[in-house]
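Student: I've got a model open on my screen and I'd like to learn how to read it. Could you take me through it feature by feature?

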Amino acid sequence: MSAYPNFYPQSYQGMPQNQYQPQTMQTQQYQMPQSVPPAVQQPQSNNGIIWVQGEAGAKSYLVAPGQSVLLMDSESSAFYIKSTDPSGMPLPLRIFDYTERNGVQNIPTAASNIPGVDMTNYITREEFEEKIASLTSQRKTNSRNKEDINNG
């Protein structure tokens with residue numbers, strides 16, 4: 001007996017429907033139609049970069065439990081890092097602004113970023129090498145003077 005009603009009279013002896021159909025067709029015929037969820041607009045992806053539309057797009061992007069993703073904003077020069085904890089709960093969205101570097105920039109060192117560090121007491125490498133050369137030459141003149149005194 002099939003899942004579909006038979007409208008032929010019972011006396012009709014036609015050829016069995018499923019005898020000459022491939023196996024895939026037979027299984028497809030009897031499957032109940034699945035409810036298809038409405039299409040959700042997926043963020044654009046280009047070469048591994050995930051693009052979203054604004055902060056709202058970043059907040060609505062789904063992330064697997066215990067994972068982090070980098071999301072690039074297609075509407076402004078910003079990017080987002082969205083993370084979830086191992087149970088799947090989203091962590092606070094991290095928002096960054098970016099700018100392009102043009103040419104060589106003076107990039108601050110780690111020591112200059114530490115609050116409370118007075119950089120005026122430090123010297124450059126060139127100043128250090130000059131100081132060592134000066135002390136070395138003074139030591140040589142002092143040792144020569146001692147030799148002259150001992151020999152004289």
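Student: Let's start with a single side chain: does Glu129 count as buried, partly exposed or exposed?

Tutor: Before that, a word on what you're looking at. This is a predicted model, where local features need pLDDT of at least 70, side-chain atom pairs count only at pLDDT 80 or more, and totals for chains, interfaces and linings use all residues. Residues are numbered from 1 along each chain as its sequence is written, and side-chain values use heavy atoms, with hydrogens and water left out. Now the idea: buried means under 20% relative accessible area, exposed means over 50%, and partly exposed is in between (1.4 Å probe, protein chains only). Glu129 comes out at 43%, so it counts as partly exposed.

Student: And which residue forms a salt bridge with Glu129?

Tutor: First the rule: a salt bridge is a side-chain nitrogen of Lys or Arg within 4 Å of a carboxyl oxygen of Asp or Glu. Here the partner of Glu129 is Arg125, with the closest N and O atoms 3.2 Å apart. Arg125 is exposed, at a relative accessible area of 63%.

Student: How many salt bridges does the structure hold?

Tutor: Two. Glu55 is partly exposed, with a relative accessible area of 35%.

Student: On to rings. How is a pair of aromatic rings described?

Tutor: By the distance of the centres and the angle of the planes. Rings of Phe, Tyr and Trp (its six-membered ring) pair if their centres lie within 6.5 Å; planes under 30 degrees apart count as stacked, over 60 as edge-to-face and the rest as tilted. A search of the whole structure finds two such pairs. In one, Phe79 and Phe96 are stacked, 5.0 Å centre to centre with 10 degrees between the planes. That pair links distant parts of the chain, 17 residues apart: Phe79 is in strand β4 (residues 78-83) and Phe96 in strand β5 (residues 94-97). Phe79 is partly exposed at 21% relative accessibility, and Phe96 is partly exposed at 27%.

Student: Is the pair of Phe79 and Tyr98 stacked, edge-to-face or tilted?

Tutor: Tilted, with 6.1 Å centre to centre and 40 degrees between the planes. Phe79 lies in β4 and Tyr98 in the loop between β5 and α3 (110-113), so this pair ties together parts that are 19 residues apart in sequence. Tyr98 counts as partly exposed at 34%. Phe79, Phe96 and Tyr98 form one aromatic cluster.

Student: Now the strands. In which sense do β2 and β3 pair?

Tutor: Two strands pair if DSSP finds at least two bridges between them. Strand β2 (residues 49-52) and strand β3 (residues 68-73) pair in the parallel sense over three bridges, and Trp51 has Met72 as its bridge partner in β3. β3 and β4 are antiparallel, over five bridges, with Leu70 facing Ile81 as bridge partner in β4. A hairpin of four residues joins β3 to β4.

Conventions:
Helix = DSSP H or I, 4+ residues; strand = E, 2+ residues; numbered from the N terminus.
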